[in-house]
Amino acid sequence: MKTKVVPTIKLYDYLIVPIQIELDDATVERLQMQLLNEISEKKIRGIIIDVSMVDIIDSYISFVLSETAAMAKAMGCYTVICKIQPQVALTLAQMGIKLKDAFTANSLERAIEILNQLD
Amino acid sequence: MMNYQNFKDIDINVHDYDIVLKIKDENDISVARQMAKSFAQKHNFSLADVTKIATAVSELSRNIYRYAKEGYIYIKKKETEPDKDISIEIIAYDRGPGIENVERAVAGGYTTSERSLGLGLAGVRRLMDSFYIMSEVGKGTIVVAEKRRRKF
């Protein structure tokens with residue numbers, strides 16, 4: 001039996017993923033697998049990853065998040081990373097890290113708007 | 001700021017440091033960054049700088065775990081003069097394989113690891129106020145980085 005790393009909420013064809021745990025390397029890798037499985041099983045067309053509770057996003061975590069978005073895209077699903085904290089955004093930008101293959105939004109409403117426009 | 005001429009000259013006195021942490025498995029990466037975060041918070045660094053310090057420690061610990069398998073993170077508060085503002089010094093030290101081309105590793109965008117952006121060391125240099133690295137192939141790597149506390 002697979003245990004979920006993060007409890008998710010399915011809304012229409014979308015999957016809302018509120019991350020409220022510390023993202024260490026193993027956790028973010030398990031989250032990637034979980035999301036890919038959910039996209040396939042529940043026929044998800046858009047995932048919204050809410051990172052408003054995540055205090056630290058370093059190069060590896062952003063790599064795995066981007067990679068997940070790229071994998072999701074290959075499965076016909078778009079990814080929106082939602083509500084990055086200002087200090088996390090500052091740190092990522094200063095390090096020169098770009099979140100490739102994912103859209104970004106500053107609210108859940110905006111994230112849903114983005115996904116609606118893509119359909 | 002420390003400057004070593006030779007790898008064998010490195011002599012870190014653990015008693016000088018507030019935090020000494022051995023990095024030997026993947027979990028230690030998040031332990032290290034949490035400790036760095038609380039330490040910077042305790043010393044009233046701004047939220048932005050707390051995040052930068054914790055992220056830098058995360059990158060350095062991951063490098064140790066990934067490339068050297070084992071090593072240490074040392075963190076201390078530095079006071080240059082009384083009433084002057086303080087800084088936090090971070091040392092990442094390992095006796096791993098070393099880095100063949102240090103300049104290339106620090107410039108960023110280059111990695112020997114499959115699942116990486118190659119931005120770790122370059123990122124640490126950008127996030128911190130000062131950055132020093134010495135690496136010898138077959139001997140190991142040491143990174144010394146410092147962040148001053150800013151008035152906010």
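Visitor: Is Lys69(B) buried, exposed or partly exposed?
Guide: In this predicted model, Lys69(B) counts as partly exposed, because it has 14 C-beta neighbours inside 10 Å and the buried class needs 20 or more.

Visitor: Where is the place of Lys69(B)?
Guide: Lys69(B) sits in the loop between α2 and β2 (71–78) of chain B. Its phi is near 70 degrees, a positive value in a residue other than glycine.

Visitor: What about phi of Asp101(A)?
Guide: Asp101(A) is not a glycine, yet its phi is positive, at about 65 degrees. Its loop runs between α3 (86–95) and β5 (103–105) of chain A.

Visitor: How many other C-beta atoms are within 10 Å of Asp101(A)?
Guide: There are 17, so Asp101(A) is partly exposed.

Visitor: Switching to the core. Which residues touch the most other members of the largest nonpolar core?
Guide: Ile47(A) and Ile90(B), out of 72 residues. Helix α2 (residues 47–68) of chain B gives the most to this core, with eight residues.

Visitor: And what is Ile90(B) in contact with?
Guide: Setting aside neighbours within four places in sequence, Ile90(B) contacts Ala56(B), Val57(B), Leu60(B), Ile73(B), Ile75(B) and Ala145(B).

Visitor: Now the contact between the chains. How many residues does it take from each chain?
Guide: Chain B supplies 24 residues and chain A supplies 18 residues. On the chain B side, the elements giving two or more residues are α1 (27–42), α2 and α4 (120–127).

Visitor: Which of those gives the most?
Guide: α2(B), with nine residues.

Visitor: How does the chain B side divide into nonpolar, polar and charged?
Guide: Eight residues are nonpolar, nine polar and seven charged.

Technical notes:
Residues numbered from 1 in each chain as written. Chains lettered and ligands numbered in written order. Predicted model: local features only at pLDDT ≥ 70, side-chain atom pairs only at ≥ 80, totals over all residues. Core = buried A, V, L, I, M, F, W, Y, C linked by C-beta atoms within 7 Å. Buried ≥ 20, exposed ≤ 12 C-beta atoms within 10 Å, placed from the backbone. Helix = DSSP H or I, 4+ residues; strand = E, 2+ residues; numbered from the N terminus. Contact = placed C-beta atoms within 7 Å. Nonpolar A, V, L, I, M, F, W, Y, C, P; charged D, E, K, R; others polar.
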